[in-house]
Amino acid sequence: MVDSALVLKGQTIAYTCYTVVIMLVMAWFALRVTRPGKSKVKPALFFTFVGFLTLLGVSLHIITYNTIPWAEMDLNRHEITADRSFAIDVANHEFILPSDKLIMEVGEIVEFDVTSHDLTYGFGIFREDQSMVFQMQVVPGHRNDILWKFLTPGNYTIRSTEYSGPKGVAMVLENVVVVLPSGSGTE
Amino acid sequence: MSFISTLMKGEQGLFKAESLTAMQKLTLRFVVVGLVYYLFVLVEGMIMRVYEVEQIPMISKEQFFAILTAHPLVGIFGSTYLIVMGAFLFLVPYLMKKPLYSMKLAHWNFILITAGTFIFWLAGFISHYAPLYTLYWPLPADFNQFSPVGGAIFILGIALVMVGSIFFVINIFKTIMYTPEGWEKQPAGKLLGSALGTAGFFNLLKKKEKQKEHLVSLPVAAIARGTVDMALNAGIILFTGVLILVFMVAAILGKDLSNTAVDALLYKNWFWWGLDLIADGLVLIFVAGTWYLLATMITGKKLFMQNIARAALLLELVVSWTVWSHHLLSDQAQPGILKVLSGEMVTAFELITQGLAFFITLATLWAARPLKMTNELKFLLGGLLGFALAVPAGIMQADVGLNRILHNTQWIIGPHVHVAILIGLTMTLYAAIYLLFPILTNGAKLYSQKLANLHFWTHLIGGIGMGAFMGMAGLKGMLRRTLYFDGEFDLYMILALVCGGLLLIGFLAFFFNIVMSVGVNGVIGIFSPVKNKNKDLVPASE
């Protein structure tokens, strides 16, 4: 499974390249539209552009579905059996974990099943450098479960990723998710 | 003229408030108050930018989140709605060459939105009611954190804005359809059909020689279609407001209604369906219509591919009713089929509809080259760039895979939301203001072109820069709607603050330029009682 940090890096490069290109195109247009010259725009160019946008819009999701592994796993998660499962409760702006640390191994399919007993919260896991591994919403009265496969050993932080009032700012549990190298024997 | 004389009387003393028609005055009131609320939003934004870097002791955490709650609502309703409504209440009659249906309704429209915005802003400021604009259930009714009295006044303010919006909707559709006194009977149904696009749709099924002529112009059709979304949005927000008010009134009377009586996910679906009619509905439709109007007025030429543009506006309206689920891609209980169909696939249509509007506007401008780089043209190009940057950012985050690592980060609110609003929408509105300024002021002259240029560059660089630095912070894991206390993202937030400062400088340059153009006496004159109460849009001699 590709690490989410790598996906973010790819997205950053793609979007940055796009922004540079579109700004240059607009600057070129602004310059040229004030000068005399050929002004006819062929309808074929227009239809080609529309075709390109259609292709881009549809293919983006097909490409990500086939290259970002958690997308397929997420949509089909009810057919997948997790190697390890953690039931987490949330109430009064506090995460209640089944144990002090959530310990797992690299490569395991881990299920996080989070239940809110009052408000809508978020459940996100973050690396030690503050970057996000993944997140989901935690809606009261509904099942909020996610499967994840960690690729890098280390300590991870849980943070609420949805606003739940000013008290929600403190919903951070540092380094409570511990991912050990594969074969460490965490049973 | 001396500086003081220009400050009081305006550039060359050309602006005479007493020469304005009632309609011009009303439109200018909408715009001036909308700009004042924009200043509110800018100052709030700067306070929050500073607070993200250094928690100011005189502002509590609760106050910060109350500002965060008011900020987008004042921006959308107090600023954008007022400016857009003022412009459209003038433009629909102007383009249809008939008077506005009701000046009284337009006055109440103005009063309700102005007062409603002030009420919810003040209620939030005093009571720290802060459920954010998303109002995720049951947070708006969480009385362990928020005062029910403050909340009830806040919701009342929002309700007034919605009633004002409904008055706007009625006035726009009645203006399109009604028959002015002394006119030959107007075909109301056919005018409505043309405005909404049903006539154009049926034309597609007919042979060319049997196709019916469009009875309303393309910009009026865009305004009408965007107004449909405004009506639906007002209905949803009013309904939700009443629901929340029931819980608040019960709490004030000492009764505790069980929060679980409302399903949080169902609530989130209907609320986002309604809320998204602004972001992915009327904003995109109004903006496309404004681009077309600006392009044709700047060039004096017909719009490129105008029949396709008209059809795309109808498609955009339908798309806007079916895309809400992209806001729920991280909700695990949301059915997968809704995530994929509504959240991903239909949302991708916005790339096509907005891309089409982008291309058509550029092609119309290109066909008229060489053009003079006027203020309206440069701001229009800025607006086009804003959406060219922000829409693809939105399409990327409306993806099941990418949303998992982007949702609720600063990336969403920076490169997508702030760039769309500040660069795409606001620069389009500025283009319209610069274009309509001489028409609405009976020929007043802009005080300084240098200030207009300063306004353009500081706004463009400030807006894109702020969005970019927020986006970089988001990609590093910084969340929106929270606070960090250990300086984790200070570098990005300081850079975003500097860019926010540029936006503020740009706005102050613009505001000063406008005040110097019409004079302080002129500004006061805009708000003084109207002498000429006839329904003329511009003075008869014009």
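**A tour of chains A and B**

Start by selecting residues 84-91 of chain A: this is strand E1, and 3 bridges tie E1 to strand E2 of chain A, with the two running antiparallel. Strands here are DSSP runs (E, at least two residues), helices are DSSP runs too (H or I, at least four residues), and both are numbered from the N terminus. Two strands count as paired if DSSP finds at least two bridges between them.

Before you click on, keep in mind that this is a predicted model, where local features need pLDDT of at least 70, side-chain atom pairs count only at pLDDT 80 or more, and totals for chains, interfaces and linings use all residues. Residues are numbered from 1 along each chain as its sequence is written, while chains are lettered from A and ligands numbered from 1 in the order in which they are written.

Now pick A:Ala91 and look for its bridge partner in E2(A), which is A:Glu94.

Next, show the whole sheet. Four strands of chain A make an open sheet in the order E2-E1-E4-E7, with mixed pairing. E2 (94-96) and E7 of chain A stand at the edges with a single partner strand each, so one side of each has no neighbour in the sheet. On average, neighbouring strands here are turned by 25° against each other, direction ignored (axes are lines fitted to C-alpha atoms, for helices over the stretch in contact, and angles run from 0 to 180 degrees between N-to-C directions).

Zoom out and colour chain A by domain: domain 1 is 4-67 and domain 2 is 82-180. Those bounds come from an automatic or database domain assignment. The centres of the two domains of chain A, taken over C-alpha atoms, are 37 Å apart.

Then bring in the contact between the chains. It takes 64 residues from chain A and 67 residues from chain B; two residues are in contact if their C-beta atoms, placed from the backbone, lie within 7 Å. The elements of chain A giving two or more residues to this side include helix H1 (4-32) and helix H2 (43-67). H1(A) gives the most, with 13 residues.
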